[in-house]
Amino acid sequence: METRAKSIMNHPYPEFDFDDASVQWRANKRRLPNGCYQYICMGKTKTGKPCNRNPLIGENCCKNHNESENNTKTNKK
Ligand SMILES: [Zn+2]
(Lines give C-alpha, C1' and ligand atoms only; values in the text may rest on other atoms or scores of the structure.)
Protein backbone atom coordinates (compact mmCIF):
# COMPACT_ATOMS: atom_id res chain seq x y z
CA MET A 1 0.00 0.00 0.00
CA GLU A 2 2.72 2.43 0.94
CA THR A 3 4.69 1.88 -2.29
CA ARG A 4 1.66 2.68 -4.46
CA ALA A 5 1.08 6.02 -2.70
CA LYS A 6 4.75 6.87 -3.10
CA SER A 7 4.74 6.24 -6.85
CA ILE A 8 1.79 8.62 -7.32
CA MET A 9 3.56 11.34 -5.32
CA ASN A 10 6.66 10.98 -7.50
CA HIS A 11 4.81 11.42 -10.76
CA PRO A 12 6.51 14.31 -12.59
CA TYR A 13 3.29 15.89 -13.95
CA PRO A 14 0.43 14.87 -11.62
CA GLU A 15 -1.87 17.62 -12.89
CA PHE A 16 -0.45 18.24 -16.33
CA ASP A 17 -2.88 20.39 -18.31
CA PHE A 18 -3.04 18.65 -21.67
CA ASP A 19 -5.61 21.04 -23.13
CA ASP A 20 -3.46 24.10 -22.47
CA ALA A 21 -0.36 22.33 -23.78
CA SER A 22 -2.20 21.41 -26.93
CA VAL A 23 -3.25 25.02 -27.53
CA GLN A 24 0.34 26.20 -27.09
CA TRP A 25 1.59 23.42 -29.34
CA ARG A 26 -0.70 24.59 -32.14
CA ALA A 27 0.14 28.27 -31.69
CA ASN A 28 2.75 28.28 -34.44
CA LYS A 29 1.24 25.57 -36.58
CA ARG A 30 -1.46 25.35 -39.17
CA ARG A 31 -3.71 22.33 -39.53
CA LEU A 32 -3.75 20.92 -43.04
CA PRO A 33 -6.84 19.33 -44.65
CA ASN A 34 -5.19 15.91 -44.34
CA GLY A 35 -4.98 16.25 -40.54
CA CYS A 36 -1.27 17.00 -40.46
CA TYR A 37 0.20 20.13 -38.91
CA GLN A 38 2.54 22.52 -40.63
CA TYR A 39 4.72 25.08 -38.94
CA ILE A 40 3.89 28.68 -39.79
CA CYS A 41 5.77 31.92 -39.26
CA MET A 42 5.00 33.60 -35.92
CA GLY A 43 5.62 37.04 -37.42
CA LYS A 44 3.03 39.54 -38.57
CA THR A 45 2.70 41.50 -41.74
CA LYS A 46 2.67 45.31 -41.89
CA THR A 47 -1.12 45.21 -41.66
CA GLY A 48 -0.94 43.20 -38.40
CA LYS A 49 -2.17 39.95 -39.91
CA PRO A 50 -0.37 36.68 -39.19
CA CYS A 51 2.41 36.06 -41.67
CA ASN A 52 1.54 32.37 -42.21
CA ARG A 53 4.57 31.84 -44.44
CA ASN A 54 6.74 28.76 -44.13
CA PRO A 55 9.34 29.38 -41.40
CA LEU A 56 13.02 28.66 -41.82
CA ILE A 57 14.13 25.20 -40.74
CA GLY A 58 14.69 25.22 -36.97
CA GLU A 59 13.22 28.73 -36.62
CA ASN A 60 9.81 30.06 -35.64
CA CYS A 61 9.75 32.68 -38.37
CA CYS A 62 10.21 33.00 -42.10
CA LYS A 63 13.28 34.76 -43.46
CA ASN A 64 11.43 38.09 -43.45
CA HIS A 65 10.65 37.88 -39.73
CA ASN A 66 13.68 35.96 -38.47
CA GLU A 67 15.56 38.15 -35.99
CA SER A 68 19.01 36.75 -36.61
CA GLU A 69 18.50 37.25 -40.34
CA ASN A 70 17.52 40.88 -39.75
CA ASN A 71 20.54 41.43 -37.52
CA THR A 72 22.84 40.08 -40.20
CA LYS A 73 21.40 42.52 -42.70
CA THR A 74 21.84 45.43 -40.29
CA ASN A 75 25.45 44.50 -39.62
CA LYS A 76 26.22 44.31 -43.31
CA LYS A 77 25.06 47.92 -43.89
ZN1 LIG B 1 7.07 35.77 -41.59
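Here are a few friendly notes on the model above, point by point.

1. Before anything else, please keep in mind that this is a predicted model: local features need pLDDT of at least 70, side-chain atom pairs count only at pLDDT 80 or more, and totals for chains, interfaces and linings use all residues. Residues are numbered from 1 along each chain as its sequence is written.

2. On the overall layout, the chain has three helices and two strands, and their order along the sequence is α-α-β-β-α. Helices (H or I, at least four residues) and strands (E, at least two) are DSSP runs numbered from the N terminus.

3. On burial, 4% of the 77 residues in the chain are buried. A residue is buried with 20 or more other C-beta atoms within 10 Å of its own, exposed with 12 or fewer, and partly exposed in between, with C-beta atoms placed from the backbone.

4. Do look at C41, in the loop between β2 and α3. C41 counts as buried because it has 22 C-beta neighbours inside 10 Å. Beyond its neighbours within four places in sequence, C41 contacts C51, N52, R53, P55, C61, C62 and H65; a contact means C-beta atoms, placed from the backbone, within 7 Å. The C-alpha atoms of C41 and R53 are 5.3 Å apart, with the two residues twelve apart along the chain.

5. N52 also sits in the loop between β2 (37–39) and α3 (67–76). N52 is partly exposed, because 14 other C-beta atoms lie within 10 Å. Its phi is near 65°, a positive value in a residue other than glycine.

Terms used: Contact = placed C-beta atoms within 7 Å.
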